[in-house]
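Have the sequence and the 3D view open as you read.

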Amino acid sequence: MKKKKWTAVIVCAVLAGSLFTAMPAEALYQITFDMEIPDGYEQVEDADAYYPIYWRTDHHSNFMTMNNYHCNVLFLTVPKEKLESYRELETQYADFFASFDESYENTLYDDVVQIRLWDVLEKKTNLIEDLENAESKEGIVRKMCQTLREADVIESAEYYPYCAQVVQGFYSNVMTIWNVPKTEQEQLLAAFKQLGYEDVILTWNESTGNYSARASAFQNADGILAATKALEKNYEGAKAEPILEVLDNSSVNASAVDMMNLPLISYGDPDDDGTVSVEDAVWVLTYYAQQSAGLEAQLTQATATEESAFLAADVDGDGQITVEDAVAILTYYAKKSAGLDAAW
């Protein structure tokens, strides 16, 4: 997955009254997807940028962009004394954990392990204009978290449909240059002058093995972006990127779903009689047939219990009631009847 890799110099001071801190999270999210650009900003036309970048119309050095966008983010905390039991379930339900693109673990306060799982969207699909169309694992996450709750191996569990950071800062008049040996300093200076950048000062960083270039022509974003692209095009092997100074880095999260406080679901038992049986599978197949025929489909006669019945019938947690759910219920019932271990 290709991302635009900006070099960032972190600045301690945060702008008071920042544009980001003054806006609601939902609006921030929409800004990054071309749905709402704040007054005074316009989008940078940069086909190589992984995330949209916006800059001030009257001062192109000031920018705003989003980075670190994740979806289906699940935070689990596991007490260290229960970590071994958690690992056993992690192995047992390996398909669930492997369905996430990335994961990260961190030990907190010496006695709790935080486990974070998330998906990363590809370039062509991450520009989602309708939040309702975002890929969601909430059903299967809820099912897995219920299993972990019932096994008493987690302390907390939170699910976020999306999680991102919106960054505000400015382009400095410095760029970083890779893949140019120290011995070619004169040639590199000549390349800059040929491109019209007469007062370039080059500094070699011995520890990182790259150059930094400073010039008065880089004082605005137009200049430094043009210079980086021109240098890469005209000097074979060079990789150049502007240095960004970050003034504000704001998190933008969907509302968390607290998986620990959701009602427990009797999976496979939509008629709520306390047992998983053939009748439950018949309920599911009838619902599916009615829905497929375009008829009004119901699992119960009581509106108040329809949602819980739906969740119980959707045993694979994909948000739909299908033949596969009925098959899973019948398989569970057959195993139980035969005295075998049965689990969802």
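## Overview

Of the chain's 344 residues, 42% count as buried, where buried means under 20% relative accessible area, exposed over 50%, and partly exposed in between (1.4 Å probe, protein chains only). This is a predicted model, in which local features need pLDDT of at least 70 and side-chain atom pairs count only at pLDDT 80 or more, while totals for chains, interfaces and linings use all residues. Residues are numbered from 1 along each chain as its sequence is written, and side-chain values use heavy atoms, with hydrogens and water left out.

The secondary structure comes to 9 helices and 11 strands; these are DSSP runs numbered from the N terminus, with helices (H or I) of at least four residues and strands (E) of at least two.

## A hairpin to look for

Strand 5 (residues 102-108) pairs with strand 6 (residues 112-119) in the antiparallel sense over 7 bridges; pairing requires at least two bridges found by DSSP. The two strands form a hairpin with 3 residues between them, and Tyr109 in the turn has a positive phi of about 55°. Within this pairing, Glu105 stands opposite Ile115 in strand 6.

## Two nonpolar cores

A nonpolar core is a set of buried Ala, Val, Leu, Ile, Met, Phe, Trp, Tyr and Cys residues joined through side-chain atoms within 4.5 Å. The largest one has 30 residues, and Met175, Ile177 and Phe192 have the most contacts inside it. Helix 6 gives the most to this core, with 5 residues. A second, separate core of 23 residues includes Phe96, Leu117, Val141 and Met144.

Buried residues of helix 6 include Ala221, Ile224, Leu225 and Leu231.

## Salt bridges

The count comes to 8 salt bridges, each a side-chain nitrogen of Lys or Arg within 4 Å of a carboxyl oxygen of Asp or Glu. Lys137 and Asp119 form one of them (3.1 Å, N to O). Lys137 lies in the loop between strand 6 and helix 4 (138-150) and Asp119 in strand 6, so the pair ties together parts that are 18 residues apart in sequence. Lys137 is buried at 10% relative accessible area, and Asp119 is buried at 4%.

Arg56 and Asp58 also meet in a salt bridge (3.2 Å, N to O). Here Arg56 is partly exposed at 28%, whereas Asp58 is exposed at 59%.
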